[in-house]
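Dear colleague,

I am passing on the structure we spoke about, and below it you will find my notes on what came out of it. Please read them with the coordinates open beside you.

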Amino acid sequence: VIMALSALYVIIGLVVAWIVISIPLYLAAKVVAGRRATFGKALLASLIGPVVEYLFLFVFILFLTPFIGVAAIPIALILAIIILIYVYASIFSTSWLGGLGIAIISFIISFIIIGIFSAFFTFLPLGTSIFHGGPRSGLP
C-alpha cells in the first residue's frame, strides 16, 4: 500500500511539474504565435520537445564522438537545440524564427519566475517551514 501511494505521489508530482513547466512556454507561444498557441499545445511541446532534444543529443554524441572526438559535444548540443526549435515551430505552426522566439522568450520568462521564487524563499526567516505552517518546534 505504501509503495502504491509513493508511486501515486510521484505521478502527481510529475504531472504538476509538467503543467508548471508548460506555463512559460504557453506565455511565450502566446506572444509569438498568438491565437495558434493553446495551453494544450504548450503541454504537448513541453512533453515532446525535451524528449526529442535529448534523444537526438544522445544519438549525435554517440555517433559523432568516434569521428571528431570531444568536439562532438558542442556540435551535438547545437544540433539538439535546432531540433528543439523545429519542434516548437511545428507544434505552434510558426516559422523557424518563431520557434526560436518561443524558445528564447520561454527561457526568459522561466528565469524571471525562478528569480521571483528564489527571492521569496531567501527572505523567509531561518527555520520557517512553508509546508508545516510555521517555525519548526523540534524533531519530528
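**Ser106 and its surroundings**

A polar atom of the Ser106 side chain lies 3.1 Å from the backbone oxygen of Ala103. Please keep in mind throughout that this is a predicted model, and that the distance is therefore one computed from predicted coordinates. Ser106 is found in helix α4, which covers residues 96–122, and with a relative accessible area of 10% it is buried, because buried means under 20%.

**The overall layout**

The protein has 4 helices and 2 strands, and from the N terminus on the elements run α-α-α-α-β-β. Of its 140 residues, 24% count as buried, and the protein exposes about 9900 Å², of which carbon and sulfur atoms supply 81%. Among the contacts between residues at least 6 apart in sequence, 50% join residues at least 24 apart.

**A nonpolar patch on the surface**

Which residues form the nonpolar patch on the surface? They are Phe67, Ile68, Ile75, Ile78, Leu79, Ile82, Tyr86 and Trp96, and together they have about 820 Å² of accessible area. Helices α2 (39–68) and α3 (72–91) each supply at least two residues of this patch, and it is α3 that gives the most to it, with 5 residues. Leu79, one of the patch residues, lies in helix α3 and is partly exposed, with a relative accessible area of 30%.

**Aromatic pairs**

The structure holds 4 aromatic pairs, and two of them deserve a description here. Tyr86 and Trp96 form a tilted pair, 5.5 Å from centre to centre and with 35 degrees between the planes. Since Tyr86 lies in helix α3 and Trp96 in helix α4, this pair ties together parts that are 10 residues apart in sequence. Both residues also belong to the nonpolar patch discussed above, and each is partly exposed, Tyr86 with a relative accessible area of 46% and Trp96 with one of 48%.

In the pair made by Phe107 and Phe111, the ring centres are 6.4 Å apart and the planes stand at 25 degrees, so the pair is stacked; the cut-off behind that word is an angle under 30 degrees. Phe107 and Phe111 both lie in helix α4, 4 residues apart, which is about one turn of the helix. Is this pair buried or exposed, taking its two residues in turn? Phe107 counts as exposed at 57% relative accessibility, and Phe111 likewise counts as exposed, at 60%.

The C-alpha atom of Arg35 is separated by 9.6 Å from that of Phe92, although the two residues are 57 residues apart along the chain.

With best regards

Technical notes. Residues numbered from 1 in each chain as written. Predicted model: local features only at pLDDT ≥ 70, side-chain atom pairs only at ≥ 80, totals over all residues. Heavy atoms only, no water. Buried < 20%, exposed > 50% of the residue type's maximum accessible area, 1.4 Å probe, protein only. Contact = heavy atoms within 4.5 Å. Areas by Shrake-Rupley, 256 points an atom, 1.4 Å probe, with all protein chains shown as cover. Polar contact = N/O pair within 3.5 Å; in protein donor to acceptor, adjacent residues only side chain to side chain. Patch = residues over 30% accessible without salt bridge, like charges linked within 9 Å, V, L, I, M, F, W, Y side chains within 5 Å. Salt bridge = Lys/Arg side-chain N within 4 Å of Asp/Glu carboxyl O. Phe/Tyr/Trp six-rings, centres within 6.5 Å; stacked < 30°, edge-to-face > 60°.
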